[in-house]
Amino acid sequence: MSDGLREEQGPELRREKETGNRRSAEKKKRKRRAAFLVCFGVVAAILLSIVVVAAVNRWRLHMKLNGKSSETIEVFDPYKEEGAKAWTEGTLLKFIRRPQKVTVNGEVDTGKIGDYTITYTAEYGSKQQASVTRTVKVEDTEAPVITLVSNPDSYTLPGHEYVEEGYSATDNYDGDLTANVTSSENNGVITYTVADSSGNVGTATRTINYKDPNAPVITLNGDAQQTIIVGGTWTSGCTAVDDVDGDVTSKVTQTGDVDVNTPGTYTVTYTVSDTAGNTATATQTITVVQLTNDENQAVNGKVIYLTFDDGPCEYTDQLLATLAKYNVHATFFTTSQFPDYLYCIQEEAAAGHTVAVHTYSHEFSQVYASPDAYWSDFNQQAAVIQQYTGQTPTIFRFPGGSSNTTSAKYCPGIMTELAAEAAQKGLTYVDWNVSSGDADGQPTADQTFQNIITGVQSHDVSFVLCHDIHKSTVDCMDQTIQWCLENGYTFLPITANSPTCHHHIAN
């Protein structure tokens, strides 16, 4: 195209293009207006729908428990409150839930058995209310506990009733139920039972420990040590009783016998066993003596050797005066415990009494420390007697007697050894068969008197143990001697020719 033609057509083309642009802009404007109207219609429709739905929709209150509606817990266990939830929900707008406040009424006391109701309530507006409940049962299912007291050393004799060692019962809810425990025994088993207030039952059992460790008890018909005159009689035999078998006297066996016509010392042993195999023995020592001419002068052969241990002391002069009053002679087993009164040893010998050895120190721990210690103590006292009397004593009495067991604490077997050594030394020890009772204390003068006269009536020849270190003993001598003389007894001192009296050596 030529340049001239272009120049002629230029304005017209521009006008057509401008017209086209205006038409296009108007078309777009019309489309936008139409789109707006559509959107506006939709929104208007939606809003209208919402208004219509809101006008028709009704809100309803709803409630629901969290957890179970009924539950059971053990007493004292913790209770966890799970609560409830409440909300409003539209009749048409069900997808919209609005939470509401819940009020809780009621509580659970976990320390008290019972049924508890928890009520949950909610309100919406002034007309809508809702509630739900939960039931909580607090119960006790734990049984009481019975605790038995058991002494490991306790036992029950066969055939005997069990003696209760003790028990207690406690319950987690009721507390101490010991007073409610009942028991029953069947075939050696005791069953203990107790119930709590909820009906829970606790039990415990104990097997009875049946045992018979005890030997029968033998009771001699006569004294364990008896001294009789040749031709006399001795009281023999015994009875035996067992704590399970009862009277077992018929099962007693006797070994040994006594020849009453021959002087000497005889031992008779009684033995018995129970059905459990426990064995008991008892021994009698009977000394048959031939009286000297002086002793035969005794009326009816009743001789009393009155002996006094542990002095001389502050009461010895009083005693010597009483003996002199009745012209009665006795035997003094002396010590050196009270040096201020050793002069009495000379007075005793001068009055015709026998002065013998008891101990120098009278300290058992020293005297019985060993055989050598004993003889050292013995020799010290013998020297004292020699000093005051001019005579060497051959008669003595062991501290505590030959049957004492205290010596075993210091030297086991010492009494057996000393008795044998005494015989080898030509010494004679003398025990007793009648006790005044003052060795283990200080009975009254009247009690001492009664002890002596009761004892001498059981013997033809009595060796009476007294202690001149007790004033009550010395005070009763006047009455004692008078009674004995009036009842035909003769008092004599122990000499080398006299019978002796020995206990059974236990160490």
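What follows is a close look at one helix and its surroundings.

Colleague: Which residues of helix α3 are buried, and what do they pack against?

Modeller: Please keep in mind that this is a predicted model. Helix α3 covers residues 316–325, and its buried residues are T316, L319, L320, T322 and L323. If you look down the axis of α3, these buried residues fall within an arc of 160 degrees, so they line one face of the helix. On the other side of α3 you will find A324 and K325, which are exposed, that is, each has over 50% relative accessible area. The buried residues pack against several elements, namely the strands β21 (303–309) and β22 (331–334) and the helices α4 (343–350) and α9 (471–486).

Of these partners, α4 deserves a careful look. The axes of α3 and α4 come within 10 Å of each other and cross at roughly 10 degrees, and since angles under 35 degrees count as roughly parallel, that makes α3 roughly parallel to α4. On the α3 side the contact is made by T316, D317 and L320, while α4 brings Y343, C344, E347 and E348. Sorted by class, this contact has three nonpolar, one polar and three charged residues.

Finally, just after α3 the chain reaches N327, which takes a positive phi of about 55 degrees.

Notes
Residues numbered from 1 in each chain as written. Predicted model: local features only at pLDDT ≥ 70, side-chain atom pairs only at ≥ 80, totals over all residues. Heavy atoms only, no water. Buried < 20%, exposed > 50% of the residue type's maximum accessible area, 1.4 Å probe, protein only. Helix = DSSP H or I, 4+ residues; strand = E, 2+ residues; numbered from the N terminus. Arc of directions from axis to C-beta. Contact = heavy atoms within 4.5 Å. Axes fitted to C-alpha atoms, helices over the stretch in contact; angles between N-to-C directions. Parallel < 35°, antiparallel > 145°, perpendicular 65-115°, else oblique. Nonpolar A, V, L, I, M, F, W, Y, C, P; charged D, E, K, R; others polar.
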